[in-house]
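The exercises below are meant to be worked through with the sequence and the three-dimensional view side by side. Try each task before reading the solution that follows it.

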Amino acid sequence: QDGPQRKKRKSEAAEVDKQLDILAIGTAVGSILLYSTVKGELQSKLDGGHDNRINCVRWHQDNYCLYSCSEDKHIVEWNTQTCKVKCKWKGDNSSVSSLCISPDGKMLLSAGRTIKLWDLETKEVYRHFTGHATSVSSLMFTTVKPMNENKSFDGITGLYFLSGAIHDRLLSVWYIRSDRKEKNAVMSFTVTDEPTFIDLTVSEVKEEPVKLAVVCRDGQLHLFEHILNGYCKKPLTSNCTIQIATPGNDGDSTPKPVPILAAAFCTDKQSLLLVYGNTLQPIIEKVSLNTSESHICLIRDVQKVLALKTEVAVTKVKTPVVNSDTKVLVPGIPGHSAAVKTPSSGKEKNKSKRKPGEPEDSIEERLGALDIDVSKVKTPGGLPQTDSFAVLLVQGLESNDSDILNKVLNTRKETLIKNTVARMPIHAVIPLLHELTKRLQGNPYSASQMVRWLKSVFTLHASYLSTLPDLIPQLGMLYQLMESRVKTLQKLSRLHGRLFLLVTQVAASETVQDVTEVNQTAKLVYEDESSEEEGSDDEMIADKDSDVSGLESDSLLFDCNRNCSTENWDEDEEKEEQSDEQDMTVEKEINGDSDLEPENESEEE
């Protein structure tokens, strides 16, 4: 630690100088190593305090005192002279990830997810703060004196401190009050990514702003400058953002970003030390602060500075050394073996190339060149089998070839569809569903065919589909399509019923009109009452059995009867007139009235 108080102690005591070169290193097994930077060797080892990984180590102002926190939920106070534990207490219900000692050395901040302020004399919690949703990675005080100078200062009340957490893009600022009511942050700073390194200038005067440098995981540096004067609701954005990039002149015209690893303020508070480049060989540069510009991009040619270059390209592909006599089994045809051919020379390659005018070799010739029996490969009858259907389907989905897809998807055999879906690879299930959804929107005939494929896919690959986190957005179109068709099913069924009734009624009426009228009169009537009736009945039957229709026979009979009756009636009238005339002549002769007047004659007539 290189703070202002440490410098005072350097000048005060000579004994302290021996301890200033000690570097405390926490290990994953729970021990702490004390390393002397002057001697370049390990000085001592602190054991017995923690059972798990050390998360944070902090030196106290008293150089013989060291604090550490671990995954085992405890905080340990060490005596570095005796290398023994002075005090150990439980810091949190979960792992304690960060520590910070107050400026006066009487208080200790610890944080897992919640932040606690401890009294180092009594080892009791002085204040609670809500903290972050994730583990806190950094804690540091931003002020050494309270802003309100009128009140008496007890060493901790009125101070501000800063906290940052992993996977959190907000840095929170907390205010230590005299009461226990307020537990939330008073303000926050927002950055572009998770903070990896934080440095700040401590504010000693009321009007002096706090300068904050935050290095993010994306390699950018954000500079903040703010006067801490109470509550601020809105998150504060950075005053300046610094990035480093390559010039991009040699060979590649596009500049590449260079990540910033760390940044620290110099003692004058007007310049920064930047650490950037490769972690194995970092570059440290001093840069003067200029916060007037909101974004600064520094051009640095890191490739010329760095000498780390790999001469041989690293690859995971290993080519085995195989003799020419070795036989290798070819997958797919059991019992077949082919000799592994050694790589041909450049002349042979030129011979194998096909010239533009020459015809292309057929597949049969290529298989013959590979020493594969073509007759064994061909299937009987020339029909494609399930294996070839699955391969064709995958090829059609990858190349988006409509001819191949039509050939495969237009099959009607249920067993062939099930076997094809069962043998297709897992990665082709989602593209197949997208293709089926596209075809479902077409004509009804193809939709009825696609439903068979959908049924097989959902029954055979349901376990794989249920593991996909983004299944619902991928199948959203299919869901909407099915819902719309199901909604119209009821209306269509009603319409189908009505049309069926109408068609049946029309067909029934047409059949009634086509049927000829049936003569419902009896062909034969038999009665046993009398012979006369039988004779009359026989006559009636004989009349009705004529081949002529009933109406024509009746009309003919009526005309004949009428003619006969009229002739008889005329003959009777003539006979009556003759008899009457004879009677009249007799009477006239008797009475002597032979010559009468014409009027009387007419009247008598």
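**Exercise 1: The surroundings of T192**

The side chains of T192 and D218 are joined by a polar contact of 2.9 Å, where a polar contact is a pair of N or O atoms within 3.5 Å, one of which, within protein, must be able to donate a hydrogen and the other to accept it, while residues adjacent in sequence count only if both atoms are side-chain atoms. This is a predicted model, in which local features need pLDDT of at least 70 and side-chain atom pairs count only at pLDDT 80 or more, whereas totals for chains, interfaces and linings use all residues. Residues are numbered from 1 along each chain as its sequence is written, and side-chain values use heavy atoms, with hydrogens and water left out.

Solution. Then widen the view to contacts, meaning heavy atoms within 4.5 Å: not counting residues up to four places away in sequence, T192 touches R169, C216, D218, Q220 and H222. Finally, T192 has a relative accessible area of 41%, so this residue is partly exposed, a class that lies between buried (under 20%) and exposed (over 50%), with a 1.4 Å probe and protein chains only.

**Exercise 2: The surroundings of H50**

Task: decide whether H50 is buried or exposed, and name the side chains with which H50 makes polar contacts.

Solution. First locate H50 in the loop between β3 (41-46) and β4 (54-59). The relative accessibility of H50 is 6%, and therefore H50 counts as buried. Its side chain makes a polar contact of 2.8 Å with that of S68, and a further one of 3.3 Å with the side chain of D72. When neighbours within four places in sequence are left aside, the contacts of H50 include V29, G30, C69 and W78.

**Exercise 3: A sheet and its edges**

Task: give the strand order of the open sheet that contains β22, and explain why β21 and β23 are edge strands.

Solution. The sheet has three strands in the order β21-β22-β23, with antiparallel pairing. Because β21 (260-265) and β23 (282-288) each have a single partner strand, one side of each is left without a neighbour in the sheet. From one strand to the next, the twist averages 20°, an angle between N-to-C directions that runs from 0 to 180 degrees, with axes fitted as lines to C-alpha atoms (for helices over the stretch in contact). Strand β22 (residues 271-277) is joined to β23 by seven bridges, and two strands pair if DSSP finds at least two bridges between them. Within this pairing, G277 stands opposite P282.

**Exercise 4: Positive phi values**

Task: find the loops that hold C83 and K269, and give the phi of each residue.

Solution. Most residues other than glycine have a negative phi. C83, in the loop between β6 (74-79) and β7 (84-90), has a positive phi near 60°. K269 lies in the loop between β21 and β22, and its phi is near 65°. C83 is partly exposed, with a relative accessible area of 23%, and K269, at 23% relative accessibility, also counts as partly exposed.

**Exercise 5: The largest nonpolar core**

Solution. A nonpolar core is a set of buried Ala, Val, Leu, Ile, Met, Phe, Trp, Tyr and Cys residues joined through side-chain atoms within 4.5 Å. The largest one has 30 residues, of which L393, L409, L432, L433 and W453 touch the most other members. Among the helices that each supply at least two residues are α7 (386-399), α10 (429-440) and α14 (476-514). To finish, follow L433, which, leaving aside neighbours within four places in sequence, is in contact with L454, V457, F458, L465 and L475.

Conventions. Helix = DSSP H or I, 4+ residues; strand = E, 2+ residues; numbered from the N terminus.
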